[in-house]
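Okay, thanks for coming, everyone. Let me put the structure up, and then I'll walk you through it.

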Amino acid sequence: MIRRITVLFVSCITFASYFLLCCNNKPEQKIIRKPIDYIRPIPGVNDSIPTELAEKGKVLIAYSDCYTCHKINERSVGPAFNDIAKRYPVKKVYIEMLAQKVIMGGSRSWGYPVMTPHPKLSLEEAKIMVSYILSLKK
Ligand code: HEC
């Protein structure tokens, strides 16, 4: 009789711990890539952008397809221009890098959505556009 109770007891414990273990295993987390909702500004001293250049960039952007995915103040498909301005210091290297990115397209700096490439833009035009975006820095 005692043996039977022991066996029963042991099986209960086994069952209970098995159950506990199973329940503690969190369901596999799905990897969801959503746009990031924080901005980590890159530190740096800002150079000045000539107003004329910024104005020219504004016009070039208006004539291109940028506004289908970007808005000035809020995130759309792509990040808000204001947020891009917040993130990067006005420096030749960043303007160059961002201009290349506009031409090449790409993703991952701001999350999952992809920016289409703009191969028809010259590096010069892309740089002027980026200068306008960075001129939105407050
Ligand atoms: C198809 C939608 C789309 C179009 C059109 C588009 N963009 Fe983008 N753009 C994005 C997305 C999405 C990102 C974020 C990419 C990432 O996460 O790396 C982005 C990011 C950027 C960035 C920041 C890149 C970085 O690495 O931080 C700049 C600057 C930019 N776009 C400028 C432009 C300009 C200028 C144009 C017009 C010539 C343009 N975009 C057109 C979707 C678009």
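**Pockets, iron and core**

I'll start with a pocket: H5 gives the largest share of the lining of the second largest pocket, 4 residues. Before going on, the ground rules: this is a predicted model, where local features need pLDDT of at least 70, side-chain atom pairs count only at pLDDT 80 or more, and totals for chains, interfaces and linings use all residues. Residues are numbered from 1 along each chain as its sequence is written, and side-chain values use heavy atoms, with hydrogens and water left out.

What do I mean by a pocket? On a 1 Å grid over the protein atoms alone, a pocket is an open set of points where a 1.4 Å probe fits, with protein on both sides within 12 Å along at least five of seven lines; lining residues have an atom within 4 Å of a point. Grid points are joined across faces, edges and corners, and the volume is the space filled by probe spheres set on the points. Helices (H or I, at least four residues) and strands (E, at least two) are DSSP runs, numbered from the N terminus.

So, back to that second largest pocket. The space in it is about 200 Å³. There are 14 lining residues, and Leu53, Lys92, Ile95, Lys127 and Ser131 lie nearest the centre. H4 and H5 each supply at least two residues of that lining. By class we get 6 nonpolar, 2 polar and 6 charged residues. The classes go like this: Ala, Val, Leu, Ile, Met, Phe, Trp, Tyr, Cys and Pro are nonpolar, Asp, Glu, Lys and Arg are charged, and the others, Gly among them, are polar.

Now the largest pocket, with about 560 Å³ of space. Here 33 residues form the lining, and nearest the centre lie His70, Gly78, Pro79, Ile84 and Met115. H3, H4 and H5 are the elements giving two or more residues to this lining, and the largest share, 4 residues, is from H5. The lining splits into 20 nonpolar, 9 polar and 4 charged residues.

Which residues are the protein donors of the iron atom of the ligand? They are His70, through NE2, and Met115, through SD, at 2.0 to 2.1 Å from the iron. Donors here are N, O and S atoms within 2.8 Å of the metal (3.2 Å for Na, K and Ca), and water is not among the atoms, so sites may look incomplete. His70 sits in the loop between helix H2 (51-63) and helix H3 (81-87), and Met115 in the loop between helix H4 (92-104) and helix H5 (123-134), so the pair links distant parts of the chain, 45 residues apart.

And why is the arrangement octahedral? Because the 6 donor atoms around the iron subtend angles of 87 to 179°, and six donors count as octahedral if opposite ones are over 155 degrees apart and all others between 65 and 115. For reference, the ideal octahedral angles are 90 or 180 degrees.

Buried is under 20% relative accessible area, exposed over 50%, and partly exposed in between (1.4 Å probe, protein chains only).

Zooming out, the protein has 5 helices and 0 strands, and 28% of its 138 residues count as buried. The largest nonpolar core has 23 residues, with Ile61, Phe81, Ile84, Val130 and Leu134 making the most contacts inside it. H5 gives the most to this core, 6 residues. A core here is a set of buried Ala, Val, Leu, Ile, Met, Phe, Trp, Tyr and Cys residues joined through side-chain atoms within 4.5 Å.

Last stop, the loop between H4 and H5. Arg108 is in that loop, and has a positive phi of about 85° although it is not a glycine. Most residues other than glycine have a negative phi. Arg108 is exposed, at 56% relative accessible area. Gly105 is found in that loop too, but Gly105 is buried at 15%.

Note on methods:
Tetrahedral: all angles 85-135°; square planar, octahedral: opposite > 155°, others 65-115°.
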